Amino acid sequence: MAKRFNIRMAGVGGQGVVTGSHILSTAVINAGGESTIVPFYGSEKRMAPVESYVRVSDEPIYEIGEITFPHIIIIFHPQVITHGKSYTMPFYFGLKEDGVALINNDGPMNLHKDQARELEERRAKLYYFPATKISLEVAGMDLATNMALMGCIGAITGLTNMAGLEQAVKDRFLGKGFVVSGGTAALDSVVERKFKKKQELIDKNVAVMRAGWNYAVEHGWAAPDVKRVEAPAAAAAASA
Amino acid sequence: MSEAEVKTNTPSAPAAAVAAPKKDPHAEAKKQRVVTPEYMFLEAPRTKEFITGSEAAKEAIRRSNVDLAIAYPITPQSETMQLVGVLYGEGYVKEYYRGEEEVGVMAAIAGGSRSGVRCYPATAGPGTLRGLEGIASWPGHRLPAVAMFTCRVVNAPLAIQPDNIEVSYLLNCGMIVFHAENQQDMFDFTMAGFTISEKNDVTLPVGVCCDGFFVTHARGYVRMQDRGIKLPPREAYRGAVPVLDAENPPARLSRDAPVQKSNFMAYNIHAVWQQEVWAAVERSRKYINQYMGGLLTAENVDGAEAVIIASGSAAAQSREAVRICAEKGIKVGLIKVRSLRPFPTKELRELCKNTKLIVVPEFNYVGWLAKEVATAIYGYSNAKIIGGPRVYGGQSMPVELIVDEVESGLTGKKSTNVAMSSIMGGAVNQDEVSHFMRSI
């Protein structure tokens, strides 16, 4: 049977919901899987609702369009739930039975009793995951919240690995051509400075991702056979 | 997927070709070699590329030896004709311009085709309906061309999103109509369309439809022949009617149109023309079989508990529904209808003769495909036909809705998504149908 997850991500403008979905999608493809994404948003402004739909599988995907009945929902911001900042209300609408709701919050939230009951009826697994807190602790900024969530979901689905995720971050921020030329000595100093900054950005993002991955493993959310990952010592030394 | 993937559309390539002053921008196009349609469609080696539906249409035009392309922007087709404009810059298309609006575009395509050149327009939604006056007259005048329709909402409230209701208007024009599921179909159907359209015993326009954004703006793998080969040029003198002789005026613009006469001769002429148009549609079947591999594709229909019949994006959604049903232990077959005109009547009668349940999911409100299917198999199959689920106004069809219809159809449970009036054939309770019709 195909391993297949339809994932609906909901967050607010500025959090990198679309970027996160691109990275997860690329990471799954990098690891030999299949994936498609459909972003969905209105006017592009901070704190405005954003949704993105990601399909990941180990087999070809033919389906198109928005995801109405997801296996997994990822809530990037608690205000999606508390303020209804979402195109989909309530936030778990259409969640399949035994589905997963991964929610970025420091601890369990007080959901309305009707919502809590409905989630229980469909046997939803509620995973409260402190993504922003991890991002602040590991990278010193909240901007890597999406990376923490993608690391976490990568481990939950088991359809990618840290190497695939890391490569996806590089693809996103450096562009495939840039990585190649970055290694050559002929680059002028401006590009070198830029590269150094970007390399730092990538390292931090990857560290947050790894923390998210390990959090999922430690809490027993990860797919079977998914193990903890350690910082690759050689790579860390090379980039220093 | 072990084939090598190539990129023929690197972003810098066309711009660089135009910017370099000494290089002839038409150099590559001039080197293109003509091959037979048989080699092109059946033998030529192909490499795959990950491109949008609009890019797939562009690549089909590159290899189709097109003389005249006329653009008029309307979402979601604008990008396609813009890309065809790039081909004009590169010398792959001989003439290209932007029309005033769709009435003018379709009229000019009629003129181009009548004068004997290979023509390609594209439009969508409201543009299709605006141009329909001209389009509906092409078949009677026996004008070969390929027109692309990237379907979108046309009814109120208006939207730019996919909804293929406009196909139902094209079905009765007398033209050949294909419905593409994905980017690969856009590529294949467009190229085969030119060849079929210009066959002497066909001499009709071909419409290649797809469901707007889902195909035009999304990427998929497309297996394509080398860009160094192209189809033979149109040989208009081989057509069923003489071409317009523009060098010896007065040119005859129309085939003997008896528009101002009302007598039995006029009615007779009309009957003869229309009979001949639809007979030509029938005669195109053999070429669709030859160059496209059939009017439909059927998968796992033998021994299936239910069969899904779909076209366009609904076929893509149905593939996933078949997979989910298999996981639930329900054996479901899939028939994808590629050609709507001619309609695969004989094929469906044969395939569905023992079928108990048919589900027809569609991306429009009226359910034109369900009606076509019911008409085709009437008297040849006792299957219950569920005309649904349907989505419209641009909504994506949740695969789960199709699965629900299969399950409710098999268990006899009442569907919550499909109206009783859209359930046909089998042991339908006519009282329930009339009750429904009275209550709405």
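What you have is a predicted model, in which local features need pLDDT of at least 70 and side-chain atom pairs count only at pLDDT 80 or more, while totals for chains, interfaces and linings use all residues. Residues are numbered from 1 along each chain as its sequence is written, and chains are lettered from A and ligands numbered from 1 in the order in which they are written.

Let's start with the overall build. Chain B has 17 helices and 17 strands, counted as DSSP runs numbered from the N terminus (H or I, at least four residues, for helices; E, at least two, for strands). Its radius of gyration is 23 Å, close to the 22 Å that the globule rule gives for 440 residues, so chain B is as compact as a globular protein of that length. That radius is taken over C-alpha atoms, and the rule is 2.2 Å times the number of residues to the power 0.38.

Chain B is divided into domain 1 (25-238) and domain 2 (296-439), with bounds from an automatic or database domain assignment. Their C-alpha centres lie 29 Å apart. Where they meet, 23 residues of domain 1 are in contact with 19 residues of domain 2; contact here puts the C-beta atoms, placed from the backbone, within 7 Å. On the domain 1 side, β7(B) gives the most, with five residues.

Next, the inside. The largest nonpolar core has 117 residues, and B:Ala69, B:Ile358 and B:Val360 touch the most other members. Such a core is a set of buried Ala, Val, Leu, Ile, Met, Phe, Trp, Tyr and Cys residues joined through C-beta atoms within 7 Å, where buried calls for 20 or more other C-beta atoms within 10 Å of a residue's own, again placed from the backbone. Helix α9 (residues 183-197) of chain B gives the most to this core, with seven residues. Both domain 1 and domain 2 of chain B give residues to the core, so it lies between them. Apart from it lies another core, of 59 residues, including A:Phe91 and A:Met147.

Finally, what about the neighbouring chain?

Conventions. Buried ≥ 20, exposed ≤ 12 C-beta atoms within 10 Å, placed from the backbone. Contact = placed C-beta atoms within 7 Å.
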